[in-house]
Amino acid sequence: MFLGLIQQVATDTSAVTVHMNSELFLKIDPWGIGMTVIGYVVVFLALLFLYIIFSNLTKVLNINVKRILRREGKSDLTAEDLSVSGEVNAAIAMAIHLYYSEIHDKESEILTIDKVSRTYSPWSSKIYGLRQFPR
């Protein structure tokens, strides 16, 4: 019982605090321009942060590759040795494509369309047309 009373007071206090903060924010920014500016700034900062992360991701990965190669004793490799030519990339892509195409079962790829004759269809009925004159 005592715990329930403490929880009720805590929720009432937080609701009053939120209401007081919203009234204060309404007095400071009655048209919501400040809230709009804050929203735009937060979104653009998040986009800038993501851009910085993704633009530096390759540098971080290359540093890790070089560190691993140094541990193995192959530190004399340069960046040109780590790059892969276009022909090798095409061969790898083709191998992956062939591998995934073998996973699916082969189908006959023959379509059979049987014509079913139905004399009445509400879609082609003329009685539902829009040219009936109202009286």
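What follows is a conversation about one aspartate and the helices around it.

Modeller: This is a predicted model, in which local features need pLDDT of at least 70, side-chain atom pairs count only at pLDDT 80 or more, and totals for chains, interfaces and linings use all residues. Residues are numbered from 1 along each chain as its sequence is written, and side-chain values use heavy atoms, with hydrogens and water left out.

Biologist: What makes Asp29 a loop residue?

Modeller: Helices are DSSP runs of H or I with at least four residues, and strands are runs of E with at least two, numbered from the N terminus; Asp29 lies between helix H1 (2-28) and helix H2 (33-72).

Biologist: Why is Asp29 said to have no salt bridge?

Modeller: A salt bridge needs a side-chain nitrogen of Lys or Arg within 4 Å of a carboxyl oxygen of Asp or Glu, whereas the nearest side chain of opposite charge, Lys27, is 15 Å away from Asp29, so no salt bridge is counted.

Biologist: Which backbone nitrogens does the side chain of Asp29 reach?

Modeller: The side chain of Asp29 reaches that of Gly34 at 2.8 Å and that of Met35 at 3.1 Å.

Biologist: How do you know that H2 has close to its expected span?

Modeller: The expected span is 1.5 Å times one less than the number of residues; H2, with 40 residues, reaches 58 Å from its first C-alpha to its last, close to the 58 Å expected.

Key:
Buried < 20%, exposed > 50% of the residue type's maximum accessible area, 1.4 Å probe, protein only. Lys, Arg positive; Asp, Glu negative; His and termini not counted. Polar contact = N/O pair within 3.5 Å; in protein donor to acceptor, adjacent residues only side chain to side chain.
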